[in-house]
Amino acid sequence: MDVNTKFVISAEDEKFFGKMGSFGIPKFDKIMNGGVPRGFTILALTDPGAGAELFAKQFLSPCEEPENTVYISTNETSDEIMQVYDKYNWLNELQIISIGSEYNERVLGKELQASKYRLEGFNMSDIQRLSQTRFVDDETEDFLTEMANSIIERGPFFRCAIENLDFFFQRYEKSRVISMLRMMQAHTQMAKGILLLCVSTDSLDTSIEQEMSSIADMVLTFGVHMIGSEFETRMIVRKFRNAPENLSVMSYRVTPEEGITPETVQRIA
Amino acid sequence: MIELDQKIAEQLSEVGLNSSIQVRCGTSNSFTVTASVIHPLVNVFEMGGVYISASRGANEIIEGLESLGIPTGNIQFLDMVSSGILGGTNTEHNNISYIDSPIMLESALLRTMYQMRRTLSERSFVILDSVNALAIYNEERMLAEYLHTFVNTFRQREVLSVIINVPDQTPPGVLANLDLYCTDLIDRGQIVIN
Amino acid sequence: MNHMESAAGYVRDRCVTGIHGLDEILRGGIPYGSTVLAAGSCGCGKTTLGLEFLVRGAENGEACAHFTATEPSVKLLDNVRQYDFFDMQMVDKGLINVFDMDVLYSWLGLTKATFDLGDIHALIKAITDIVNTIGVTRLVIDSVTTLCYKIQSEQLIRDFLFTLGKKLSTLGCTTLLISEITSEKSGVNMWSSFGVEEAISDGIIVLGDVERMGHLLRFLQVVKMRGTSHSRAKYAVELTSIGVMLTPMLKWGSSS
């Protein structure tokens, strides 16, 4: 796997895409003083159910170049994702890679078949096929490499969200996952793309979280807090490379019209 | 010019397929005697067979026989000598196979049986050339045991066996065994010098 | 007439191996349904022996199976083509069925590095299913050593071999288990890598090398065969294109 180091970025594209891209949330763009710089890798650490999966979809809604916009999901089907885009009337011409579905088909399917053979045994046609099969069918169950490839193949000014990385941490060596993330970050920087990586906080140990935070250019956390008898969803910008003034804490709502909207509170002196 | 011994041909016409013939020769006439044995077997009785050579390389034997008008196409040669010589196994002839060493006596027996199964000739012979050459590498007791097995194996299979030896140079124990177990003797072992 | 047959008046059915010399050594062949260990160090001809055992059965119209754990079946079939006794048509027609153990493990979901009791039972069931469905009467596992490396304990190996042997015998299948041993082994459990195979097996055929003045000569020796008398002599082996050939080894000629 080679990180593509040869990009031809035309002046026209530079002008069109500019130095910053939108988060897909206008209010958030304003709070972040313009949006997200091209080349940024964003790490979204989330409590389960805190809304990061919706953020990831909304993040891709600007969809400046549909063919260069990719949503990689590990636990939703293409249809489920499209439903969300339709619900909020977001541009839905982006590419969707549903690793979860592929995993179910290939890996879980194989496991089910193995259970069947163990329980019911082989019939004649199974045996004939077995005696003619000369190689173990391991047509890349390496979803980690597939995922990384789908980022590294992207051209300049791509936009991508991976929701979420838990799938990979559960199945592959953590060091290997981190290694892939570094490659993806390097490519994103060089291609002036924007990459969003979502991961659940409860699936990570501290050292991995720290390592990922150091790789990322921006770190967001999504949390759910009890205030009295109500829930409050909160977003914290913990890191923003070269712009510490962007560090902030904000609560947000989800509305049918806008999706995730930060709530800004004005102090009245 | 080598003259073949016609009396050997006459003697051979009287033996059966299950015979084992001891052929005695002297140091200076061994090739002539050997050729005189092979000539009637191949040209008169139209037999094929296996020639196990521990005395010299098979290439040399083939060239010698061919020069006397004895065709070697129906003879499979087991060469026990040439593997010990660097480059000795380079040959154009495709009826030679090699055994690593004259000590691998069982290999020679098995490869002979293998060749016979492959060629499936009704009337076959096996020539062992020679006891003296094998005696250089093998203990007397083992050689005696081997020859006993050799004779019995081919007699049972109705394959004519011909064992060449120079009696002056054969260990007495081995010579005594050969005398006992072979059914026939062709003796050209003493040379008369006038 | 062997002693055991004449005493009981009963002639046990034999699996005639068809291998030159071996049936004579075994006084007719391997008793049907036996599990025989073919143990030897590398290069001694175990795989060739196993393959010829199957080919001779296939020539008689018997259904045969070869489970290869040591080398991929592609390589095995490539190597075996050099032998005149082997005909690829036997594989094409399903008389000789070649199975890769790796593929079987994958199909059964046996992906862990070591097998537990459940995995072993799954493997036994799969093998006996295959034998039963096709009607296999000759089976070779090459090698049982490689297979047993994946089993955790000696007890489990014992269970595996015992259960497998029993089931295959019930199905009328004569089995050759190829076992890899190091030539330096001596004393107790000489022919088992895991200390148990030789005790479980009905028969043991040993293949090895003897040294004679610096040269290595292949030999075969039947150490044990339940249900029949047999020669216990050492036999010289030649691996020829028409199969394995045997002749008694000269008594005075070896240093081991």
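This is a predicted model: local features need pLDDT of at least 70, side-chain atom pairs count only at pLDDT 80 or more; totals for chains, interfaces and linings use all residues.
Residues are numbered from 1 along each chain as its sequence is written, chains are lettered from A and ligands numbered from 1 in the order in which they are written, and side-chain values use heavy atoms, leaving out hydrogens and water.

**Exercise 1.** Describe the fold content of chain C.

*Solution.* Start with the elements. Chain C has 10 helices and 11 strands (DSSP runs numbered from the N terminus: H or I, at least four residues, for helices; E, at least two, for strands). Next, take burial. Of the 256 residues in chain C, 58% are buried (under 20% relative accessible area, 1.4 Å probe, protein chains only). Then take contacts (heavy atoms within 4.5 Å). Among those in chain C between residues at least 6 apart in sequence, 66% join residues at least 24 apart.

**Exercise 2.** Work out how chain C meets chain B.

*Solution.* Count residues: 21 of chain C are in contact with 20 of chain B. Now the area. The two chains bury about 1900 Å² between them, 68% of it on carbon and sulfur atoms (accessible area, 1.4 Å probe, lost on being put together, summed over both parts). Glu238(C), Leu250(C) and Trp252(C) lose the most area on the chain C side, together 34% of what that side buries.

Turn to charge. Chains C and B share three salt bridges (a side-chain nitrogen of Lys or Arg within 4 Å of a carboxyl oxygen of Asp or Glu). One salt bridge joins the side chains of Arg111(B) and Glu238(C), at 3.0 Å, N to O. Finally, locate the elements. Strands β9 (215-225), β10 (234-240) and β11 (243-248) of chain C each give two or more residues to the side that touches chain B.

**Exercise 3.** Which pair of chains has the most contacts, and how far apart are the nearest C-alpha atoms of chains A and B?

*Solution.* Two pairs of chains touch, and the most contacts are between chains A and C. Chains A and B do not touch; their nearest C-alpha atoms are 32 Å apart.

**Exercise 4.** Is Ser124(B) buried or exposed?

*Solution.* Ser124(B) counts as buried because its relative accessibility is 6%. Beyond neighbours within four places in sequence, its contacts include Leu17(B), Met47(B) and Val159(B).

Technical notes. Buried means under 20% relative accessible area, exposed over 50%, partly exposed in between (1.4 Å probe, protein chains only).
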